[in-house]
Amino acid sequence: MNVPVSLRIAALAIATTAFYTYVGQLVPQKEVQPPVEVVISKDMKPEEMAKVGREIMDGKGLCFTCHTVGKSGALRFPDLDGIGGRAASRVPGLSDVEYLAQSLYEPDKYIVPGFNPGMPVISKPPIGLTDDEILAVIAYLQTLGGTTTVTMQTKINGSAGGAEAPAAAPAAAASEGTAAEPAADAAGSATPAQEPGQ
Amino acid sequence: MIKKGLAAALLALLGLAAIVGTSKFLMDREYKSPALTPPGQTAETPRDRGLADQRAEQEKADKEKPYQEAEYRPFPKVGSRVAVWVAAQLHLLFAAFVLAVPLFALIIEFIGYRTKDPRYDRLAHEFTKLLSVSFSLTATFGAMLTFGLIILYPKFTNYLVSVFSPTFLPYVGLFFFEAFFLYTYYYGWGKFSPRVHLLLGLGLNVVGTAIMLIANAWLTFMTSPSGISETGALISTWDAVRNFTWMPINIHRIIANVAFGGSVAAAYAAFKFLGAKTDEERAHYDWMGYIGNFVAICAFLPLPFAGYWLAKEIYAYSQTLGLTMMGGAFSWLFIIQAVLIGNLFLGANYYLWLGMGRIQGAQHFQKYIKYLLILVALCFMVWATPRSIISTVSEIRAMGGSSHPALGFLGVMSAKNTAVNILILTTYVSFLLYRRGGKTPTVKWAKTGNLAQLGIFLAAASIVLFLGVYGYFVEASVRIAFSIPQVLSVLFAMVSVTVIDVFLYKNAEQAGEPRWGQIAPISQYVLIFIAVTFTWLMGLMGYVRSGLRQHWHVYGVIRDTSVDAFTPTLGFATKVVSVTVLIFFLLISFVFWLASLGGKKDWEPRVKEGAKNNLPEPEDLGAAV
């Protein structure tokens, strides 16, 4: 049968397009929804904060776009496993909460050796976490190899109310388990900061 | 028959009159309450009063209605996003074609002017035949896109206007000049001195590129905004223009446009070749297809390097944005891209290998093709290997994670960068073999030259492979920087080997001229396949460039709060891309058809054999006057 050239060309164009569409259906299909605002109340307990913090890191915070938990090898950003335990010793003079806060509010202040700068300021767009959301994230990070000491009343530098916060009690006190710190305590004065990656 | 028709029409009219009459009769007898009718007023039914009250309420509500600026407006059936997406993509495809064709038409015309070979002039003219209708279609889709944005996304469009309004007037002015240059260039072919005509072509290219630079500023600002305050207020329009991704997109687009334009022009030549009636036509369109494809592949080879630069700037602007692109929601899109680019390389190589058949004395190179094919296939496989694999829980357990224990190593950038660089080198070797077909160098240093070329190839390939493997053993900050020496070594190899080859084959003995037109017809379908694949690739990469912003109209500044704020699945995106590509090819076929009308005879009235022509002869007309 002698098929006209124009029909052959049309068939080729349609078949090629159909093939690529088919390839497009073979890859994982994920619809990414805009981040959902998580409800945070001022009377949340530390464990509740950690749970919400994990949700924020998964969603609005976009943390796991870059970071991993429990992976090793050629990583682009630091793995967060055990960060709750080593945060206090990352930067001399900074408690774990202070260090974690600094890594979120001023991520370029401290770069974990072997990695490049690149973490955005989490409190500003496009991520734009609120101070309360950041507290929840810190609460979750503390659970990775440590204990949650931060509370919803903790004031930290970099946050909207941070500048007015009185000097903090040593974070070590918190980590020793002095229950939830009152607003003026905990991670107060020191400037937090980052792992390009935390 | 006519009487029956008239009777039926009359009957229908009578029926209609009966229905209207009956309705009026019944309505006139609506209930009227005399008790409620004030004396001296016309009798009014309760229904009339109700309607009057309703109208009065509506009028009052209309007067008191506050002005509210619409944020979004819906588009029927497909939604606003898809409507704007398709209009933008079609506009970009035609714009790319209209920008690219003058670029290489001018170069071909210039070659013809310098070599005095009229074939080049004819070829350049034939390329430009495709321009005028494409230009109109570009403008039409541009208008559709603009109106689409104004109507469907008024608030966002208003914001863009507030930032970029100083660029609009120059844009319109340049558009006017583009029309002037384009039509003068096309209609003035052969009517001006060659130098004046070349200048017109140059003007067309300069103006076209300037238009693209302005439009690129608008779209790149959406991805990497700058020149504004934290709340989005304009500080400097110029800073907004020269944002992080502006120049990389400019360069990437110019190269990609040439590759795309070349491939579509080659598809036109293939279409004409397949329908050719004479050997002369076949020879001409075979040559035209070869030139179009040559232009496409020449531009295609450095394109990944421009892509690296663009990606680097995206990372420099925002690591989050970069990682969303390469490691987040869009990471699987690059597997689809690998399939497309792999097909392009395969198609381009296959066409070159088929082309060797038309060169006398090139047969002895054909024995190398199988090795080149193996290399191309291997690189293709590495590039298309994903890092993580979709698998069941038991499969994940068996593998010890979502990555395959062995193949997972091929899914990372070290492997992929290596594969694409080797792929580029292999395609370049194919081209080199084609170029050498049927020629024997006559220079004394021929052996040394060949050895030098081989040495350069081996050195470049070794650097690429070594850095690719070494990348697995170093930290991220070091590994990322390896792509630069890999790219540079490949570029150096291509440039230096070409320079040596030009001198090596100067005054070479030739076994015979290429037998244009004597190529297997399947080669022409390969050209069409390449053009469709290029177009699809442009659609896909246009999607990732725009979709990367996810739920932001302007990244980090203007948030998308519409119903379309979510990022669709890749499956859905590929369907939209496919529909757009098919619409484009339907329209470009129309352009091809229109362009081919120029060579046809003018219409003449058919005269029946033996019948006397009743048209008056000119002399008769003169006598009559």
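This is a predicted model: local features need pLDDT of at least 70, side-chain atom pairs count only at pLDDT 80 or more; totals for chains, interfaces and linings use all residues.
**Exercise 1. Describe the contact between chain A and chain B: how many residues take part, and how much area is buried?**

Step 1: Start with the residues. Chain A brings 40 of them to the contact and chain B brings 45.

Step 2: Turn to the area. Together the two chains bury about 3900 Å², and 68% of this is on carbon and sulfur atoms. On the chain A side, Tyr20(A), Arg76(A) and Pro126(A) provide 18% of the area buried against chain B, more than any other three residues.

Step 3: Look for pairings across the contact. There is 1 salt bridge between the chains, and 9 residue pairs are in polar contact. Sorted by type, the chain A residues that touch chain B are 24 nonpolar, 11 polar and 5 charged.

Step 4: Locate the salt bridge. Lys124(A) pairs with Glu230(B), at 3.1 Å from N to O.

**Exercise 2. Work out which parts of chain A are tied together by the salt bridge of Asp132(A) and Lys42(A).**

Step 1: Check the distance. The closest N and O atoms of Asp132(A) and Lys42(A) are 3.1 Å apart, which falls within the 4 Å cut-off for a salt bridge.

Step 2: Asp132(A) sits in helix H5 (residues 131–143), while Lys42(A) is in the loop between helix H1 (5–26) and helix H2 (46–58), so the pair links parts 90 residues apart in sequence.

**Exercise 3. Compare the radius of gyration of chain B with the globule rule: what follows about how spread out the chain is?**

Step 1: Chain B contains 22 helices and 4 strands.

Step 2: Compare the values. The radius of gyration is 33 Å, well over the 25 Å that the globule rule gives for 625 residues, so chain B is more spread out than a compact globule.

Step 3: The C-alpha trace of chain B spans about 120 × 90 × 55 Å along its principal axes, and 49% of the 625 residues count as buried.

Methods
Residues are numbered from 1 along each chain as its sequence is written. Chains are lettered from A and ligands numbered from 1 in the order in which they are written. Side-chain values use heavy atoms; hydrogens and water are left out. Contact means heavy atoms within 4.5 Å. Buried area is the accessible area (1.4 Å probe) that two parts lose on being put together, summed over both. A salt bridge is a side-chain nitrogen of Lys or Arg within 4 Å of a carboxyl oxygen of Asp or Glu. A polar contact is a pair of N or O atoms within 3.5 Å; within protein, one must be able to donate a hydrogen and the other to accept it, and residues adjacent in sequence count only if both atoms are side-chain atoms. Ala, Val, Leu, Ile, Met, Phe, Trp, Tyr, Cys and Pro count as nonpolar, Asp, Glu, Lys and Arg as charged, and the others, Gly among them, as polar. Helices (H or I, at least four residues) and strands (E, at least two) are DSSP runs, numbered from the N terminus. The radius of gyration is taken over C-alpha atoms; the globule rule is 2.2 Å times the number of residues to the power 0.38. Buried means under 20% relative accessible area, exposed over 50%, partly exposed in between (1.4 Å probe, protein chains only).
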